[in-house]
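Me: Hi! I've got a model open and would like to talk it through with you. Can you take a look?

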Amino acid sequence: MDMDMDMDTDTDTDTDTDMEPLLDTLTHVPKLVIFDLDYTLWPFWVDSFPQPIQFQKDSSGKVIDYRGREVKPYCDSHNILLFLQSHNITCGVASRTEEKVAAEQLITLFGWDKFFKYKEMFFVDSKISHFDNIRTKSEIDLEDMLFFDDEPRNIYEVQRFGVVAYLVEDGITMRNFIEGMIKFSDKKTEYLASMEKNM
Ligand SMILES: [Mg+2]
């Protein structure tokens, strides 16, 4: 599959350049990639900012909290989202945040509204509710979704629900992303083989 990495990169990371050969090995790609927010796309819990939780851009274009401190996502997050967009792979968010309005605000300020077709952000015990909603709205099968999250519990639950899930340990990186894509491709191959066997 042609998955070259000539993405519209605008960061100073060079981690993407050696990923092209890995991507070329993929047999299957997901139709939908879903991301957790806190400690997956950005290095904090939105809930943990001091109240009032509000963000804005300063005169230089930096995103800041109400104390004027800069707020940034993980350095590869934007490029990963750009990459998916440039390959017409739909993206979404599944977050258990209790600060939906603030999380929405950050997504907008980071310029990510254009990336996310589905945003399920509400506090509930399990992320299965989020995925149930996403499946209903998108009409995409669970086995065509790939999920990234930093909490083992979410990975375990969502995986049991039927979605390929990848645990990121220190925020998403390009390497995690590629490994997740490879995991998806391998699982999909297994899934199709098992379906064939059962026919
Ligand atoms: Mg998280």
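Me: Which residues of H2 are buried?

Reply: The buried ones in H2 are Ser 77, His 78, Asn 79, Ile 80, Leu 81, Phe 83 and Leu 84. A residue is buried if 20 or more other C-beta atoms lie within 10 Å of its own, exposed if 12 or fewer, and partly exposed in between, with C-beta atoms placed from the backbone. Helices (H or I, at least four residues) and strands (E, at least two) are DSSP runs, numbered from the N terminus.

Me: Thanks! Before we go on, what kind of model is this, and how are residues numbered?

Reply: This is a predicted model, where local features need pLDDT of at least 70, side-chain atom pairs count only at pLDDT 80 or more, and totals for chains, interfaces and linings use all residues. Residues are numbered from 1 along each chain as its sequence is written.

Me: And what is the average pLDDT of the chain?

Reply: The average is 90, and 88% of the residues score at least 70; pLDDT is the predictor's confidence in each residue, from 0 to 100. Over residues 1-15, though, the pLDDT is below 50. That stretch has 32 contacts in the model beyond near neighbours in sequence, a contact being two residues whose C-beta atoms, placed from the backbone, lie within 7 Å. Where pLDDT is low, the predicted coordinates should not be read in detail.

Me: Good to know. Back to H2: what do its buried residues pack against?

Reply: They pack against E1, E4 and H6. Seven of the 10 residues of H2 (residues 77-86) are buried, so this helix is largely enclosed by the rest of the structure. After H2 comes Asn 88, with a positive phi near 55°.

Me: OK, the sheet now. What is the strand order?

Reply: The order is E5-E4-E1-E6-E7, five strands in an open sheet with parallel pairing; two strands pair if DSSP finds at least two bridges between them. E5 and E7 (164-167) stand at the edges with a single partner strand each, so one side of each has no neighbour in the sheet. From one strand to the next, the twist averages 20°. Axes here are lines fitted to C-alpha atoms, for helices over the stretch in contact, and angles run from 0 to 180 degrees between N-to-C directions.

Me: What packs on that sheet?

Reply: Helix H4 (residues 128-138) does, touching E1, E4 and E5, and its direction makes about 145° with that of E5. H6 also packs on the sheet, where it touches E6 (145-149) and E7, at about 150° to the direction of E7.

Me: Is E4 mostly buried or exposed?

Reply: Buried: five of the six residues of E4 (residues 90-95) are, so the strand is largely enclosed by the rest of the structure. E4 pairs with E1 (residues 32-35) in the parallel sense over four bridges, and Leu 32 has Thr 90 of E4 as its bridge partner. Five bridges join E4 to E5 (residues 116-121), also in parallel. Ser 95 is bridged to Met 121 of E5.

Me: How does the chain get from E4 to E5?

Reply: Through helix H3 (residues 100-109), in a right-handed β-α-β crossover. Right-handed means that, with the strands pointing away from the viewer, the path from the first strand over the helix to the second runs clockwise.

Me: What about the core? Which residues have the most contacts inside it?

Reply: Ile 34, Phe 35 and Phe 147, in the largest nonpolar core, which has 41 residues. Such a core is a set of buried Ala, Val, Leu, Ile, Met, Phe, Trp, Tyr and Cys residues joined through C-beta atoms within 7 Å. H6 (residues 174-197) gives the largest share, five residues. Leaving out residues up to four places away in sequence, Phe 35 touches Thr 40, Leu 41, Cys 91, Val 93 and Phe 148.
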